[in-house]
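Please look over the structure before reading on.

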Amino acid sequence: MAARLNPLDLYDVRSLLTDEERMVQDTVGRFVDEKVLPIIGDCFDQGRFPAELVPEIANLGLLGATIPEKYGCAGMNGVSYGLICQELERGDSGLRSFASVQSSLCMYPIYAYGNEEQKMQYLPKMAAGEIIGCFGLTEPHGGSDPANMKTHAKKDGGDWVINGAKMWITNGNLAHIAIVWAQTDDGIQGFIVPADTKGFTAQEVHKKMSLRASVTSALFLDNVRVPDAQRLPNVKGLKGPLGCLTQARYGITWGPIGAAQACLKEVLDYTQERVLFGRPLASNQAIQLKLADMARRITMAQLLSLQLGRLKDAGKMEPTQVSLAKWNNVRMAIDIARDCRDMLGGAGITVEHSAIRHALNLESVITYEGTETVHQLVVGRELTGINAF
């Protein structure tokens, strides 16, 4: 009799990975199983980010993983970074968000838009987890319209004076530096702002029902003065922050696959063990139909992200392709998490099971870095040539 297929990988997508990519996935997977899963339910319940895990995340080479080894990073390919995101989010979206912000939104702009001195000053310490960053783009009134930016930076001699506010900033109160985007007389520019700079304040957002194991903050900049050496010199305009977001969204297309797999595995085990009306819950047609649909949708998402990763590594990835995958894969995961919560019955509302935690987290993931509607309209614009924003 032939061996049964892996229920979390029906198309054996793992066989399409290189040995190095499989090693990365296995290494991060073990870390999640051994260090994250035993504590993450309590962290979510308590509204606490597990900062004690950061040194090991750094030691595994997961921060700025795709940046060259010259800067103290691992120099991995894009698919490996995607697998890191997938495994971390199998643990919790908050943990993947931490790594995503540090890697794609803070280290990447320094690498892509900074000068050599800035790269050598910050990237090795950020890879080691000694300097944590946050990304200051979104503003209280802005949301999906980043061009409507009120934060501004004025040149004053050899310095810049920055005033404004940023909202919904992951890692804000953990951060040693903020990558702050501001309007200048010469277009939008990015600045590396140390968190201990006079006039810079981070205020943590509480009473969250989502991403509770993550730090979310508001940033306030009141006549914050930084030297011109802290400005990212190699980009101007919205293409700077949008380029960072494309990198981060790429990782987000992989992350929810892990969340969905965690929910499916949990409900597969539960429905085998739960006996109702004299037989396992898994023997009901309605349950099997739902399980089959989950496996179908996870398989589609896996193939979508893997091809996106191959395009990225070939230098052919386009932002519209990222939008399609972010839209599809987060929608897939949030629907699966909700269905799994339902199939767990009353037990599904506690953090003893992961489905409700993933479902609540994914409410943020489906919104941040481009809402589902915005990504749909990006694809629509590609198809028609007409901008409907």
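This is a predicted model. Start with the second largest pocket: the residues of its lining split into 8 nonpolar, 8 polar and 11 charged. The lining has 27 residues. Leu 8, Gln 25, Glu 87, Arg 90 and Gln 261 lie nearest the pocket's centre. The volume of the second largest pocket is about 570 Å³.

Which helices supply at least two residues each of this lining? They are H1 (19-46), H3 (78-91), H6, H7 and H9 (355-365).

Next come the helix pairs. Two packed helices are described by the angle between their axes and by the distance between those axes.

| Helix pair | Angle | Axis distance |
|---|---|---|
| H6 (239-273) and H7 (285-313) | about 155° | 10 Å |
| H6 and H8 (319-343) | roughly 20° | within 8 Å |
| H4 (93-113) and H5 (116-127) | roughly 160° | within 9 Å |

Take H6 and H7. Their axes pack at about 155°. Because angles over 145 degrees count as roughly antiparallel, H6 is roughly antiparallel to H7. H6 passes H7 in a left-handed crossing. On the H6 side, the contact includes Gln 247, Tyr 250, Trp 254, Ile 257 and Leu 264. Gln 261 of H6 is also in this contact, and Gln 261 is one of the residues nearest the centre of the second largest pocket. On the H7 side, the contact residues include Ile 287, Leu 291, Met 294, Ile 298 and Lys 312. By class, the residues of the H6 contact with H7 are 15 nonpolar, 7 polar and 1 charged.

H6 also packs with H8. These two axes cross at roughly 20°. Angles under 35 degrees count as roughly parallel, so H6 is roughly parallel to H8. The crossing of H6 past H8 is left-handed. The contact of H6 with H8 holds 19 nonpolar, 4 polar and 2 charged residues.

How do H4 and H5 run relative to each other, parallel or antiparallel? Their axes cross at roughly 160°, and H4 and H5 are therefore roughly antiparallel. H4 passes H5 in a left-handed crossing. H4 brings Gln 102, Cys 106, Met 107, Ile 110 and Tyr 111 to the contact. H5 brings Gln 118, Lys 119, Tyr 122, Leu 123, Met 126 and Ala 127. The contact of H4 with H5 has 8 nonpolar, 2 polar and 1 charged residues.

Note on methods. Residues are numbered from 1 along each chain as its sequence is written. This is a predicted model: local features need pLDDT of at least 70, side-chain atom pairs count only at pLDDT 80 or more; totals for chains, interfaces and linings use all residues. Side-chain values use heavy atoms; hydrogens and water are left out. Axes are lines fitted to C-alpha atoms, for helices over the stretch in contact, and angles run from 0 to 180 degrees between N-to-C directions. Helices (H or I, at least four residues) and strands (E, at least two) are DSSP runs, numbered from the N terminus. Angles under 35 degrees count as roughly parallel, over 145 as roughly antiparallel, 65 to 115 as roughly perpendicular and the rest as oblique. A crossing is left-handed if the near helix is turned anticlockwise from the far one by less than a right angle, and right-handed if clockwise. Contact means heavy atoms within 4.5 Å. Ala, Val, Leu, Ile, Met, Phe, Trp, Tyr, Cys and Pro count as nonpolar, Asp, Glu, Lys and Arg as charged, and the others, Gly among them, as polar. On a 1 Å grid over the protein atoms alone, a cavity is a set of points where a 1.4 Å probe fits but cannot get out, and a pocket is an open set with protein on both sides within 12 Å along at least five of seven lines; lining residues have an atom within 4 Å of a point. Grid points are joined across faces, edges and corners, and a volume is the space filled by probe spheres set on the points.
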